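Hello,

Here is the model I promised to pass on. Please have a look at it first, and then read my notes below.

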Amino acid sequence: MSFSTNQNNIAILGGGNIGIALAKGLVKSGKYNAEQITITRRNVRSLQDLTNQGFGATDNNAQAVQQAGVVVIAVLPQQLDGLLDVIREAVDPEKHVLISVVSGVSVADITKRLVKQVQVVRAMPNTAIAIQESMTCLASNNATKENMALVKDMFDTVGETIEIHEELMTAATALCACGIAFFLRSIRAASQGGTEIGFHAAEALHMAAQTAKGAAALLLATGNHPEGEIDKVTSPKGCTIAGLNEMEHAGFSSAMIKGIRLSAQKAGDLYVKSN
Ligand SMILES: NC(=O)C1=CN([C@@H]2O[C@H](COP(=O)(O)OP(=O)(O)OC[C@H]3O[C@@H](n4cnc5c(N)ncnc54)[C@H](OP(=O)(O)O)[C@@H]3O)[C@@H](O)[C@H]2O)C=CC1
Ligand SMILES: O=C(O)[C@@H]1CCC=N1
């Protein structure tokens, strides 16, 4: 791929959970190599494993920006202003496209802090990006169509992408980025049930995870509504409807909906601007 800058180097500022998952996913896709990706963090020694795999690693954010065309910002919201202050001079609106995965921070927040009209695309991936299975939501109000398409190409290599309005980014954070944790917890709970009824923990977890994968694959492959697929499982007077109704009496759907609502509200409140 080639950004308009003709600089195919990628700087990932913030080599934590999502920054590293992204770096690994991009290389796993086969479309990028480790040598073109530099990851930064203050505790750079923690990136030793990645340098052994060929990635660049540094604690010098400004230098990483200077050597890249695409700059991914992947620090926590409370760490963002300090980082933007450090890279301000190095950011060149003619040369760089910024991608921010930082929750609750708008394109305008970033350009205002940088005091530069650089193109910024917000991306909200989830941790399945490490295995090319992310659901990544993208939004920008100042990127050119060409650069938006190029960012989409990049995230298409590590899962599915959808372009949304920026005002829906906090909702996307709750549903997709936090959402992976909600489904993981559901699988964990199913495995705990499985152990209580007779399976060893490891086999119960594997069986629950494959069953969850089958459920998601059914919906994605057929486009059917979940309730249509549920109706095919629930035999009259059967054990599925008995289990399902018991879960609903205990508030299963309600708990998921309320959790997603609270996450979305919290996602919008994560960024507190510093002076
Ligand atoms: N985790 C997830 O599933 C998702 C997270 N996000 C968003 O991504 C961002 C990162 O989240 P996550 O990866 O979980 O957080 P982590 O805390 O795991 O990673 C943040 C990283 O940033 C580094 N860092 C902090 N300050 C600087 C700095 N000035 N320069 C360079 N590196 C720095 C930290 O390392 P050190 O302390 O060594 O500097 C740390 O490794 C957040 O804004 C979050 O909202 C978005 C989607 C999904
Ligand atoms: O929990 C968080 O705040 C981050 C944002 C989305 C996923 N993890």
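A residue counts as near a molecule if its C-beta atom, placed from the backbone, lies within 6 Å of it. On that basis, ligand 2 is surrounded by Ser103, Thr173, Ala177 and Cys178. By class, this shell holds two nonpolar, two polar and no charged residues; here Ala, Val, Leu, Ile, Met, Phe, Trp, Tyr, Cys and Pro are nonpolar, Asp, Glu, Lys and Arg are charged, and the others, Gly among them, are polar.

Before the rest, some housekeeping. This is a predicted model, where local features need pLDDT of at least 70 and side-chain atom pairs count only at pLDDT 80 or more, while totals for chains, interfaces and linings use all residues. Residues are numbered from 1 along each chain as its sequence is written, and chains are lettered from A and ligands numbered from 1 in the order in which they are written.

Now to ligand 1. There are 27 residues around ligand 1, and Gly14, Gly16, Arg42, Asn43 and Ser103 come nearest. Two elements give two or more residues to this shell, helix H1 (17-28) and helix H4 (77-87); H4 gives the most, with four. Helices (H or I, at least four residues) and strands (E, at least two) are DSSP runs, numbered from the N terminus. The shell around ligand 1 divides into 12 nonpolar, 13 polar and two charged residues.

On the overall fold, the chain has 12 helices and eight strands, and its C-alpha trace spans about 70 × 40 × 35 Å along the principal axes. The eight strands form an open sheet of mixed pairing, in the order S3-S2-S1-S4-S5-S6-S7-S8; two strands pair if DSSP finds at least two bridges between them. At the edges are strand S3 (56-58) and strand S8 (159-163), each pairing on one side only. From one strand to the next, the twist averages 25 degrees, with axes being lines fitted to C-alpha atoms (for helices over the stretch in contact) and angles running from 0 to 180 degrees between N-to-C directions.

Strand S7 (residues 134-139) pairs with S8 in the parallel sense over five bridges, and Leu138 stands opposite Glu163 in S8. S5 and S6 are also parallel, over four bridges, where Val97 has Gln119 in S6 as its bridge partner. Helix H6 (residues 145-156) lies across strand S5 (97-100), strand S6 (119-124), S7 and S8, at about 150 degrees to S8. Helix H7 (residues 169-177) lies across S6 and S7, at about 35 degrees to S6.

Why is S6 largely enclosed by the rest of the structure? Six of its six residues are buried, so the strand is largely enclosed. A residue is buried if 20 or more other C-beta atoms lie within 10 Å of its own, exposed if 12 or fewer, and partly exposed in between. Gln119, Val121 and Ala123 point one way from S6, and Val120, Arg122 and Met124 the other way.

Val72, in strand S4 (residues 70-73), is buried too, because it has 26 C-beta neighbours inside 10 Å. Beyond its neighbours within four places in sequence, Val72 is in contact (C-beta atoms, placed from the backbone, within 7 Å) with Ile10, Ala11, Ile12, Leu13, Leu22, Ile99 and Val101.

Finally, UniProt (unreviewed entry) places the feature "domain: Pyrroline-5-carboxylate reductase catalytic N-terminal" at residues 10-103; its positions are given in the numbering used here, feature names are shortened, and annotations may be inferred rather than shown by experiment.

Best wishes

Methods. Two residues are in contact if their C-beta atoms, placed from the backbone, lie within 7 Å.
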